[in-house]
Amino acid sequence: MSKDEVKILAIETSCDETAAAVVVDGYKVRSNVISSQIALHTVYGGVVPEIASRKHIEKVNQVIEQALAEAEVTLDEIDAIGVTYGPGLVGALLVGVAEAKAISYAKNIPLVGVHHIEGHICANYIENPELKPPFLCLVVSGGHTHLVRVEAYGRYEILGRTRDDAAGEAFDKVARAIGLGYPGGPKIEAAAREGNPHAVEFPRAKIEGEPYDFSFSGLKSAVLNYLNMSKMKGMDVVQADIAASFQKAVTDVLIGNSIRAMEAFGSKRFAIAGGVASNGALREGIREACEQRGIAFYHPSPVFCTDNAAMIGVAAYYAYRNGERAGLDLNAVPNLRLGER
Ligand code: KG4
Ligand code: ZN
């Protein structure tokens, strides 16, 4: 690696993945190590925060060592450490933040705090180095559903957000209700392939006067009501049909609001990000909407959609280049808002 390159070691522990990566010049991913805790949480039907924190502590050193080894670099060659400091589970975030601060202090390496959702958005730069702000981005994860205008690196205008459940959360809750288990998104997507998306017409919520806001709690309740009603009437429930009809309702709303934003802002570029952005039905719907309007469509590969540290390394690179540095008083901020520092 040349001396002029900017090498970032990134650490991500905001939820149930312990992850570390080495990213060069803001898009070259030299390593991307993810230790998933999904199997541990599956027995409980969702993420148990205390278990997540403990597992991060067990894994974080090993994951970082592996990321450095795979990238064939030592800490002496690292220009900055980027770490997710919010939003997320406080105990989980603290593990990454404490680790990053310890390395920064011991090796005298600059520290950069990264917003998790900013990381998700920046995942788009990895495989599309030609993508530059301004652009519109639909961020859909387990904790967030935002329509964002990326004005510049590190500058975001939130056009709309969910009023209640995040899209991923709705996938997870409905999957649990229909007996598919955790994590719900991929399981619903697989089940939906065998089902009829028009079997049940679930509601598509619109929010009066707020064209870019979302609401998924009514949809979730509608699925639960449908299940209860079917049980009371002794009707058979076809799991694949419910999965397909639910997925269609969620993606219709996500795509509908995205189209409104595309048309209102006349943007030439549209990106999607976050765990739910790996959903094929959502991706194809947005692709089609973009194609019809001559808009370039960007999306990360699935491994960069769900939680990973490479995306944190990309976001840290732009913050580092912008002169942003965190002190050793950096703390975990579980409800950190996008655009806040
Ligand atoms: O971005 P992410 O890994 O973590 C958060 O920051 O929340 O997103 C996880 C969420 C989960 O709710 C999961 O069910 C959802 O993303 N997800 C999907 C798919 N893969 C993951 N949702 C729909 N379809 C998928 N293929
Ligand atoms: Zn995430």
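Which residues around ligand 1 come nearest? Of the 20 residues around ligand 1, these are H120, G142, D172, G185 and E189. Here a residue is near a molecule if one of its heavy atoms lies within 4 Å of it.

Before you go on, note the ground rules. This is a predicted model, where local features need pLDDT of at least 70, side-chain atom pairs count only at pLDDT 80 or more, and totals for chains, interfaces and linings use all residues. Residues are numbered from 1 along each chain as its sequence is written, chains are lettered from A and ligands numbered from 1 in the order in which they are written, and side-chain values use heavy atoms, with hydrogens and water left out.

**Stop 1: ligand 1 and its contacts**

Select ligand 1 with H116, D172 and S278. A polar side-chain atom of D172 is 2.7 Å from an oxygen atom of the ligand. For H116, a polar side-chain atom lies 3.1 Å from a ligand oxygen. S278 has a side-chain N or O atom 3.3 Å from a nitrogen atom of ligand 1. A polar contact is a pair of N or O atoms within 3.5 Å; within protein, one must be able to donate a hydrogen and the other to accept it, and residues adjacent in sequence count only if both atoms are side-chain atoms.

How much of ligand 1 does the protein bury? Taken alone, the ligand exposes 550 Å², and the protein buries 88% of that. These areas come from the Shrake-Rupley method with a 1.4 Å probe.

**Stop 2: the shell**

Now color by secondary structure. Helices (H or I, at least four residues) and strands (E, at least two) are DSSP runs, numbered from the N terminus. The largest share, four residues, comes from α6. By class, the shell holds four nonpolar, 13 polar and three charged residues. Asp, Glu, Lys and Arg count as charged; Ala, Val, Leu, Ile, Met, Phe, Trp, Tyr, Cys and Pro as nonpolar; and the others, Gly among them, as polar.

**Stop 3**

Select N124, in helix α4. Is N124 buried or exposed? N124 is buried, because its relative accessible area is 0% (buried means under 20%, exposed over 50%, partly exposed in between, with a 1.4 Å probe and protein chains only). The N124 side chain reaches the backbone nitrogen of H299 at 3.4 Å.

Move to T162, in the loop between β8 (155-161) and α5. T162 is also buried, at 14%.

**Stop 4**

Most residues other than glycine have a negative phi, and most peptide bonds are trans.

Select P133 and P134. The peptide bond between them is cis, with omega near 5°. P134 is in the loop between α4 and β6 (135-140). Next, take Y182 and P183. Their peptide bond is cis, with omega near -10°. P183 lies in the loop between α5 and α6.

Go to E72, in the loop between α2 (49-71) and β4 (80-86). Phi of E72 is positive, near 55°. E72 is exposed, at 71% relative accessibility.

Finish at N108, in the loop between α3 (90-107) and β5 (111-115). N108 has a positive phi of about 55°. N108 counts as exposed, with a relative accessible area of 71%.
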